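Student: Could we go through this model together? I would like to begin with the overall fold and then look at individual residues.

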Amino acid sequence: MKRARPSRTDKSLILRRVLIYGAAIFFLGIFQCAFFSRLKPFGATPDLIICAVCAILLTDDKYTALICAVCGGYFIDAIGAVPPGFSPIVYVLAVALTASIAQKLLARIPSFLILLLPSLAVRAVFTYVGLCLTFGSIAPLSSLTSVILPEAISTIFLSIPVYLLIKLCYLPIRSRNKFGF
């Protein structure tokens, strides 16, 4: 059975998504690894990419969010991770865990914050696993209050601007033929 060829409008929609979300992920990844690795709000680096992936999942669809999760994870690991980097796995698990929830929610800020909480739980588990690998044994429970909680608080604090950025990025994707694609 032959596969149907994508139409010209499908190709332009894919191109718009790649260009716009790629630029947003690039910008947020640079901001996370360069700016917020030095200036740590609440004592930890916020995870802006997980915020972006949750926002894309809520505003666009799960397949786009999954692709952005993989690309964003590899990008974060390439520019700022201490080996081993599990960021693509973290983001893909966050999308897989929250995809069914996102289909039932409206694309609004309270829904986004509800969607962000399970994703931050996945992030917290992987942060703890990373700490255990760093220590070479079980990380002390004090790392929950000294590392994981500040990371979650700083991520939540900066999640609203990331959501608004992704919502703004979705406007040209949703519109038709305004940009000549």
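Predicted model: local features only at pLDDT ≥ 70, side-chain atom pairs only at ≥ 80, totals over all residues.

Student: Understood. How many helices and strands are there in the protein chain?

Tutor: The protein chain has seven helices and zero strands. Read along the sequence, its pattern is α-α-α-α-α-α-α.

Student: And what share of the residues count as buried?

Tutor: Of the 181 residues, 41% count as buried. The accessible surface of the chain comes to about 10500 Å², and carbon and sulfur atoms account for 70% of that area.

Student: What about contacts with a separation of 6 or more; what part comes from residues 24 or more positions apart?

Tutor: Such pairs make up 72% of the contacts in that group.

Student: Let us turn to the core. Which residues of the largest nonpolar core touch the most other members?

Tutor: They are Tyr21, Ile50, Phe112 and Ile166, in a core of 40 residues. At least two residues of this core come from each of H1, helix H2 (48–59), H3, helix H4 (87–102), helix H5 (109–135) and helix H7 (159–174). The largest share is that of H2, with 11 residues.

Student: You mentioned Tyr21. What does Tyr21 touch, beyond residues up to four places away in sequence?

Tutor: With those neighbours left out, Tyr21 touches Arg16, Ile56, Thr59, Asp60, Thr64, Cys68, Ile166, Cys169, Tyr170 and Ile173.

Student: Thr64 is on that list. Where is Thr64 found, then?

Tutor: Thr64 is found in helix H3. Beyond its neighbours within four places in sequence, Thr64 is in contact with Arg17, Tyr21 and Ile56.

Student: Why does Thr64 count as buried?

Tutor: Thr64 counts as buried because its relative accessibility is 9%, and the cut-off for buried is under 20%.

Student: A change of topic: what volume does the second largest pocket have?

Tutor: The volume of the second largest pocket is about 250 Å³. It is lined by 13 residues, and those closest to its centre are Arg17, Val18, Thr64, Ile67 and Cys68. Helix H1 (8–35) and helix H3 (62–80) are the elements that give two or more residues to this lining.

Student: How do the residues of that lining divide into nonpolar, polar and charged?

Tutor: Eight are nonpolar, three are polar and two are charged.

Student: Back to H7. Is Ser159 buried or exposed?

Tutor: Ser159, which lies in helix H7, counts as buried because its relative accessibility is 0%. Its contacts, leaving aside neighbours within four places in sequence, are Cys51, Phe112, Leu113 and Leu116. Phe112 has already come up among the core residues that touch the most other members.

Student: And Arg174, buried or exposed?

Tutor: Arg174 is also found in helix H7. Arg174 is exposed, because its relative accessible area is 54% and exposed means over 50%.

Notes: Residues numbered from 1 in each chain as written. Heavy atoms only, no water. 1 Å grid on protein atoms, 1.4 Å probe; cavity = no way out; pocket = protein on both sides within 12 Å on 5 of 7 lines; lining within 4 Å. Points joined across faces, edges and corners; volume = space filled by probe spheres on them. Helix = DSSP H or I, 4+ residues; strand = E, 2+ residues; numbered from the N terminus. Nonpolar A, V, L, I, M, F, W, Y, C, P; charged D, E, K, R; others polar. Core = buried A, V, L, I, M, F, W, Y, C linked by side-chain atoms within 4.5 Å. Buried < 20%, exposed > 50% of the residue type's maximum accessible area, 1.4 Å probe, protein only. Contact = heavy atoms within 4.5 Å. Areas by Shrake-Rupley, 256 points an atom, 1.4 Å probe, with all protein chains shown as cover.
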